[in-house]
Structure formats: structure tokens, C-alpha cells
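My notebook is open, and I am going to look up a few spots one at a time. Follow along with the structure beside you.

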Amino acid sequence: LFGLHLIKEMNNKTIAIVEAEKTAVLMSIFKPEYIWLSTGSKSGLKYEYLKPIKDYKIVAFPDKSEYNDWNAKAKELNGFGFKIVVNDYLELQSKFEKGTDLADVYINNLK
């Protein structure tokens with residue numbers, strides 16, 4: 001996981017998981033109340049990568065059109081003791097194109 005080294009500095013912050021490293025970096029500026037980590041790909045939400053953060057509260061923010069896949073994977077991982085909630089904000093917004101990520105939304109709101 002990109003950003004895993006930040007866990008050492010962790011207090012009681014929730015971990016936020018996104019797909020792209022760029023998104024993790026930018027969102028750490030926009031929403032510093034989370035520790036932002038990245039899976040590096042849409043298929044990166046998997047046990048092997050997330051095992052080091054198993055005991056933390058995790059919110060996953062998938063890119064637009066990836067919600068169903070990430071939600072199914074989160075349910076599977078929760079069966080192994082993870083505490084993952086998948087945020088559906090991007091999925092519910094018809095104005096966003098497939099592949100839009102959270103950083104895109106925040107950057108576009110600055111314009």
C-alpha cells in the first residue's frame with residue numbers, strides 16, 4: 001500500500017483507501033482527518049495488501065464505476081475481521097464520468 005509508512009504516525013484517525021497514489025496525496029491535503037493510502041490499482045483492494053491495517057477502521061473511496069467491485073471485496077474482507085465501509089458518493093453522482101476519482105472532484109471544485 002502506498003502510504004503505509006504513515007500508520008506509524010497514526011493516532012485515532014480513520015484510514016481512507018483510494019486507487020491512485022495521486023489521489024491519496026491530494027486528499028491528504030483536502031481531508032487531513034483521514035490517513036490516506038492507495039492500492040495502486042482497481043484490483044489492489046485485497047487481503048495481502050490490507051493485512052497490515054486489518055485492525056483499523058477503513059473507508060474505501062473507489063473511482064466512479066468501481067463501487068460494486070470494491071463493495072463486494074470489502075464484504076469478503078470484512079468476513080476475515082476487517083472493518084471496511086465503501087463510500088458510494090461518486091457512484092451516486094450522474095454528473096461524474098466513469099473513472100472519476102475523489103481528487104478529480106476536489107480539484108474541479110477549486111476552479
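Entry 1. I looked up Ala-72 and asked: is Ala-72 buried, exposed or partly exposed? The model, which is a predicted one, gives Ala-72 a relative accessible area of 46%. Buried means under 20% and exposed means over 50%, so Ala-72 counts as partly exposed. I found Ala-72 in helix α3, which covers residues 67-78.

Entry 2. Next I turned to Thr-23, a residue of helix α1 (residues 21-30). Thr-23 has a relative accessible area of 1%, so I noted it as buried. Which residues does Thr-23 touch, apart from its neighbours within four places in sequence? I listed Val-18, Asp-101, Leu-102 and Ala-103.

Entry 3. Then I went through the sheet. I saw that it is open and has four strands, in the order β2-β1-β3-β4, with parallel pairing. Which are the edge strands? They are β2 (34-38) and β4 (83-86), and each pairs on one side only. From one strand to the next, the twist averages 30°.

Entry 4. I zoomed in on β1 (residues 14-18), which pairs with β2 in the parallel sense over five bridges. Ile-17 stands opposite Leu-37 in β2. Helix α1 packs on the sheet and touches β1 and β2. I noted that the direction of α1 makes about 165° with that of β2.

Technical notes. Residues numbered from 1 in each chain as written. Predicted model: local features only at pLDDT ≥ 70, side-chain atom pairs only at ≥ 80, totals over all residues. Heavy atoms only, no water. Helix = DSSP H or I, 4+ residues; strand = E, 2+ residues; numbered from the N terminus. Buried < 20%, exposed > 50% of the residue type's maximum accessible area, 1.4 Å probe, protein only. Contact = heavy atoms within 4.5 Å. Pairing = 2+ DSSP bridges. Axes fitted to C-alpha atoms, helices over the stretch in contact; angles between N-to-C directions.
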